[in-house]
Amino acid sequence: MSETLQPLRVAAAPISWGVCEVPGWGHVLEAQTVLSEMAALGLTATEFGPPGYLPAEPRELRELLGPYGIAAIGGFLALPLHAAPGAALTAARRSAELFAAAGAEVLVLAAATGLDGYDSRPALSDYEWRTLIDTAATIRDIAIEHGLRAVLHPHVGTHVETEAEVERFLADSDLDICLDTGHLLIGGTDPVALARRHAARIGHIHLKDVRNDLIDEIRGGRMEYSHAVRRGLYAPLGEGDVDIESLVRCLRAAGYRGWFVIEQDTALDPGDSAEGSSRDAERSLRYLAGVGAACESALS
């Protein structure tokens with residue numbers, strides 16, 4: 001089989017089971033529970049989840065992941081890149097060391113505001129934007145030192161959210177981006193159109209499907225992002241309003257061979273089990289398998 005016909009590389013993320021870095025986000029399931037659910041679905045790769053969710057000592061991490069047959073491919077790191085860059089660089093180096101020791105590939109960086117959560121964000125001055133760009137570049141270099149790739153994740157409630165900000169970042173920085181279908185659409189960017197314009201700058205992918213009616217509530221200021229998540233903002237792949245199939249076809253045809261991470265933000269209530277999250281993940285995996293098969297058939 002030629003390289004262009006290799007199957008999709010599919011991974012998961014703990015946020016699909018409600019595990020989030022935001023204080024008070026919701027009930028956090030134990031790592032063993034989440035990994036067991038992933039393994040039962042046939043998943044063999046995951047992102048780390050929030051700093052501290054998985055062990056920070058490499059031997060302990062290998063001992064935890066090994067029985068489940070799951071590899072850690074990297075993870076999400078939200079840092080205020082525009083202010084106090086020294087602290088951001090220290091945190092990035094710590095994460096890069098752990099990721100490299102675990103055999104991971106990618107550091108997914110987000111330009112956090114410094115506030116808790118993703119429900120509001122102040123405007124940046126031109127000086128702060130320049131600091132953000134320079135700090136991201138230094139973190140890219142730290143990642144390279146550790147054999148990793150750094151990508152910038154446009155994300156709701158961060159300083160790279162809107163289409164104008166995404167385009168500005170791509171113009172001002174040489175970092176590739178993590179194309180997150182959900183966060184881009186909420187921020188006003190058509191993810192398929194972005195993929196077509198900047199296929200060569202897509203370094204990592206988070207796949208979400210989104211319900212447009214709730215996006216309208218967020219954009220109109222009538223609902224906070226965190227509340228929309230609890231209201232069912234994210235649907236299993238193929239059941240929302242993102243054209244996932246066109247996105248995958250576009251990037252596969254353009255030569256993208258990186259990870260497709262199923263990452264559907266979820267918040268659990270106290271006492272919730274993993275059952276609902278796993279059911280949604282299974283539906284997403286089934287849909288993505290069909291899309292992948294159709295893509296490979298079209299390219300053969």
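Start by selecting L207 and I262: L207 stands opposite I262 in strand 10. Strands and helices here are DSSP runs, numbered from the N terminus (E, at least two residues, for strands; H or I, at least four residues, for helices). You are looking at a predicted model, where local features need pLDDT of at least 70 and side-chain atom pairs count only at pLDDT 80 or more, while totals for chains, interfaces and linings use all residues. Residues are numbered from 1 along each chain as its sequence is written, and side-chain values use heavy atoms, with hydrogens and water left out.

**Stop 1: strand 10 and its partners**

Colour strand 7 (residues 202–207) next; three bridges join strand 7 to strand 10, and the two run parallel. Strands count as a pair if DSSP finds at least two bridges between them.

Which way do the side chains of strand 10 (residues 259–262) point? W259 and V261 go one way, F260 and I262 the other, and all are buried. Buried means under 20% relative accessible area, with exposed over 50% and partly exposed in between (1.4 Å probe, protein chains only).

**Stop 2: the nonpolar core**

Show W17, L79, L81, F169, I186, Y225 and L233, the residues with the most contacts inside the largest nonpolar core, which has 103 residues. Helix 4 (residues 126–145) gives the most to this core, with seven residues. A nonpolar core is a set of buried Ala, Val, Leu, Ile, Met, Phe, Trp, Tyr and Cys residues joined through side-chain atoms within 4.5 Å.

Centre on I186: leaving aside residues up to four places away in sequence, I186 touches V156, V210, I215, I218, R219, Y225, L233 and Y234. Contact means heavy atoms within 4.5 Å.

**Stop 3: H153**

Go to the loop between strand 5 (149–152) and helix 5 (163–172), where H153 sits. Is H153 buried or exposed? H153 is buried, with a relative accessible area of 1%. Not counting residues up to four places away in sequence, H153 touches F76, V108, L109, A110, V160, C178, D180, H183 and H206.

**Stop 4: the largest cavity**

The structure holds three cavities of 30 Å³ or more, and the largest has a volume of about 230 Å³. Select I15, V19, E21, F76 and E263, the closest to its centre of the 21 lining residues. On a 1 Å grid over the protein atoms alone, a cavity is a set of points where a 1.4 Å probe fits but cannot get out, and a pocket is an open set with protein on both sides within 12 Å along at least five of seven lines; lining residues have an atom within 4 Å of a point.

**Stop 5**

The largest pocket holds about 340 Å³ of space. Pick Y234, D265, T266, S277 and D280, which lie nearest its centre among 21 lining residues. Helix 11 (275–299) is one of the elements that supply at least two lining residues, and the largest share, five residues, comes from helix 11.

Finish at the second largest pocket, with about 290 Å³ of space. Of its 17 lining residues, P51, G52, R94, S95 and L98 lie nearest the centre. Strand 3 (71–79) and helix 3 (85–101) each supply at least two residues of this lining, and helix 3 gives the largest share, five residues.

How values were computed: Grid points are joined across faces, edges and corners, and a volume is the space filled by probe spheres set on the points.
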